[in-house]
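Let me put the structure up and we'll walk through it together.

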Amino acid sequence: MSRFWSSVVHNLSPYVPGEQPKIDGLIKLNTNENPYPPSPRALAAIAATADRLRLYPDPRATALREAIATRYGVTSDEVFVGNGSDEVLAHSFPALLKHDAPLLFPDITYSFYPVYCRLYGARYELVPLDAAMRIDLADYRRPGSAILLCNPNAPTGVALPRAAIEALVVEHPDRLVVVDEAYVDFGAESAVPLVARHDNLLVIQTLSKSRALAGLRVGFAIGQRPLIEALERVKDSFNSYPLDCFAIAGAVAAIEDDGWFDETRQRIVSSREALVRGLSALGFEVLPSLANFVFARHGGHRGADLAAKLRERGVLVRHFQKPRIEDFLRITVGTDDECGRLIELLRDMV
Ligand SMILES: *Cc1c(COP(=O)(O)O)cnc(C)c1O
């Protein structure tokens, strides 16, 4: 603390990311990274970009917006790109989510949302998940300006079908619905095909998880033109060049590599199914996940204890010291070998 701090800084409660320790041989199942290396085509495109470092990158990342537009069946001016989807989300607060009535989002969801609310002074209200840790859309029939959902939700992994998202945007035509689809590629239904029909829907995705490019920092939003324009106005009042030349080149190649994409996500989905079977056999309750992680608890053991014991044995998982979920572990789906090692260690513990 210092007398030079602004009142805004005094009142912040920053997000705490999962740890990234530099320990050899550690099995990292704590930050939902992809266990496989990115598309070789993305790596080659990044390497071939070094000779452009002298120049500023394209401030609008046109090549990338066009690649995303082609892949998702929209036009490039319906695509906004940012330095990770965290930045895209951040811009959506001053651009679209800060109003007199509160923004609504679940009590158990991505813990960055309330952090942004504080930074941007946006009012919000938490809407509890139901007893089965699901989002009940009827609970959103309360005063509010906009709705922010993560689908599949984090850290639960539970997904809503596309039809439910459509019912929500239809029921609330005067509210913007933002859907954070960071994990949608691991088996859930994307709301992107709804964007053409609904002017109150913004969908946000990332290349960090399903494209294995967390280190490159690329995320994007798809929505009708006026929503995208709002994000562009904030971005151009903040940083003209959020994506560097490597990020643009690597992301274009990654988006275009359908072969790599389909193969790796199928592998992760089948590893997830094996992990769920393994955990269930040990007596864990595992929420139904369509993400690249599972959320599980064991009746006989505290979440914090299991996480600490796993860490001592070289396996990192995520534990949240938070009401309702303190006994759960959020476990990223690693390779089959990594998941096997986790199950082996847990078998000794429970
Ligand atoms: C990982 C994650 C993001 C952010 O990803 P970026 O790496 O910033 O693109 C956004 N939302 C959720 C729910 C996430 O889990």
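So, Lys209 is buried, because its relative accessible area is 16% and buried here means under 20%, with exposed over 50% and partly exposed in between, using a 1.4 Å probe and protein chains only. Quick caveats: this is a predicted model, so local features need pLDDT of at least 70, side-chain atom pairs count only at pLDDT 80 or more, and totals for chains, interfaces and linings use all residues. Residues are numbered from 1 along each chain as its sequence is written, and side-chain values use heavy atoms, with hydrogens and water left out.

UniProt, in an unreviewed entry, lists Lys209 as "modified residue: N6-(pyridoxal phosphate)lysine"; positions are in the numbering used here, feature names are shortened, and annotations may be inferred rather than shown by experiment. You'll find Lys209 in the loop between E7 and E8. Those labels are DSSP runs numbered from the N terminus: helices are H or I with at least four residues, strands are E with at least two. What touches Lys209, leaving aside neighbours within four places in sequence? Thr31, Asn32, Asn34, Ala182, Tyr183, Phe186 and Asn292, where contact means heavy atoms within 4.5 Å.

Now the sheet. It's open, with seven strands in the order E2-E8-E7-E6-E5-E3-E4 and mixed pairing; two strands pair if DSSP finds at least two bridges between them. E2 (79-82) and E4 (124-127) are the edges, each with a single partner strand, so one side of each has no neighbour in the sheet. Inside the sheet, E5 (residues 146-150) and E6 (residues 176-180) run parallel, joined by five bridges. Ile147, for one, has Val177 as its bridge partner in E6.

Next, packing. The largest nonpolar core has 59 residues, and Leu202 and Leu279 have the most contacts inside it. A core, here, is a set of buried Ala, Val, Leu, Ile, Met, Phe, Trp, Tyr and Cys residues joined through side-chain atoms within 4.5 Å. Domain 1 (7-37 + 259-349) and domain 2 (40-257) both give residues to this core, so it lies between them; the bounds come from an automatic or database domain assignment. There's also a second, separate core of 56 residues, including Ala67 and Val252.

And Leu202? Leaving aside neighbours within four places in sequence, its contacts include Leu96, Val178, Ile222 and Leu231.
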